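The sequence and structure are shown below.

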Amino acid sequence: MYGLVNIGFGNMIVADRVVAIVNPESAPIKRLKEQAKDDGKLIDATYGRKTRSIIITDSNHIILSAIQPETIALRFKQAFEEFGKLVKNEKKRE
C-alpha cells in the first residue's frame, strides 16, 4: 500500500515487497548477498558506489543501495504518511 520508494539515483522499489533494510557489514548479510548473486537474485542499484544498505524482498531478491538504511527508512515513512493522507481524503469524498 506504500507504492514506490526511491532507493537512490532514480531507482524505485515496490515498498510492499520489502521485508528488511539492513546494513551490509555483518558476515551473515555478506553471505546472503553472495548467495543471491549465485542464485541470480542480486540487483545492484549502487551505480558503482559503496553499498550502504541491503534491501531484502519477499521474493528473496537482494537489492544493493548506496543510500544509508536510515534514509531509506525515512522515505518509507514519508510514503506511508502520503498514503495515509490519500486514504483520508478518499474517505471524506464518500
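## Strand β6 and I63

I63 lies in strand β6, which covers residues 62–65. The model is a predicted one. With a relative accessible area of 7%, I63 is under the 20% cut-off, so this residue counts as buried. Leaving out neighbours within four places in sequence, the contacts of I63 are I7, I13, I43, A45, S53, I54, I55 and T57. A36 is 27 residues away from I63 in sequence, and the two C-alpha atoms are 9.4 Å apart.

## Overall fold

The protein is made up of 2 helices and 6 strands. Read from the N terminus, the order of the elements is β-β-β-α-β-β-β-α. The C-alpha trace spans about 50 × 25 × 20 Å along its principal axes. Of the 94 residues in the protein, 29% are buried. Among contacts with a separation of 6 or more, 49% join residues 24 or more positions apart.

## Nonpolar cores

In soluble globular proteins, nonpolar side chains tend to be buried together. Which residues form the largest nonpolar core here? This core has 12 residues: V5, I7, I13, A15, V18, A45, I55, I63, I67, I72, F76 and A79. Two elements, β1 (4–8) and α2 (69–93), each give two or more residues to this core. The element that gives the most is α2, with 3 residues.

I55 is one of the members of the largest core. Not counting residues up to four places away in sequence, I55 touches I7, I13, V18, A20, I21, H61, I62, I63, S65 and I72.

## The largest pocket

The volume of the largest pocket is about 160 Å³. Its lining consists of 13 residues, and those nearest the pocket centre are M12, I13, V14, T57 and I63. I13 and I63 are also listed in the largest nonpolar core. Strand β2 (residues 11–14) supplies the largest share of the lining, 4 residues. Sorted by class, the lining has 8 nonpolar, 3 polar and 2 charged residues.

## The aromatic pair

How many aromatic pairs does the structure hold? There is 1 such pair in the structure. Its rings belong to F9 and Y47; the centres are 5.3 Å apart and the planes stand at 40°, so the pair is classed as tilted. The pair links distant parts of the chain, with F9 in the loop between β1 and β2 and Y47 in the loop between β4 (42–44) and β5 (53–57), 38 residues apart.

Both partners have a positive phi without being glycine: phi is near 60° for F9 and near 55° for Y47. F9 has 38% relative accessibility and so counts as partly exposed. Y47, in turn, has a relative accessible area of 54% and is exposed, because exposed means over 50%.

## Two loop residues

T51 is placed in the loop between β4 and β5, and Y47 is found in the loop between β4 and β5 as well. Is T51 buried or exposed? T51 is buried, with a relative accessible area of 17%. Not counting residues up to four places away in sequence, T51 touches P24, T46, L64 and S65.

D16 sits in the loop between β2 and β3 (18–22). At 44% relative accessibility, D16 counts as partly exposed. D16 and T51 are 35 residues apart along the chain, and 22 Å separates their C-alpha atoms.

## Accessibility of the residues discussed

| Residue | Relative accessible area | Class |
|---|---|---|
| I63 | 7% | buried |
| T51 | 17% | buried |
| F9 | 38% | partly exposed |
| D16 | 44% | partly exposed |
| Y47 | 54% | exposed |

Notes
Residues are numbered from 1 along each chain as its sequence is written. This is a predicted model: local features need pLDDT of at least 70, side-chain atom pairs count only at pLDDT 80 or more; totals for chains, interfaces and linings use all residues. Side-chain values use heavy atoms; hydrogens and water are left out. A nonpolar core is a set of buried Ala, Val, Leu, Ile, Met, Phe, Trp, Tyr and Cys residues joined through side-chain atoms within 4.5 Å. Buried means under 20% relative accessible area, exposed over 50%, partly exposed in between (1.4 Å probe, protein chains only). Contact means heavy atoms within 4.5 Å. On a 1 Å grid over the protein atoms alone, a cavity is a set of points where a 1.4 Å probe fits but cannot get out, and a pocket is an open set with protein on both sides within 12 Å along at least five of seven lines; lining residues have an atom within 4 Å of a point. Grid points are joined across faces, edges and corners, and a volume is the space filled by probe spheres set on the points. Ala, Val, Leu, Ile, Met, Phe, Trp, Tyr, Cys and Pro count as nonpolar, Asp, Glu, Lys and Arg as charged, and the others, Gly among them, as polar. Rings of Phe, Tyr and Trp (its six-membered ring) pair if their centres lie within 6.5 Å; planes under 30 degrees apart count as stacked, over 60 as edge-to-face and the rest as tilted.
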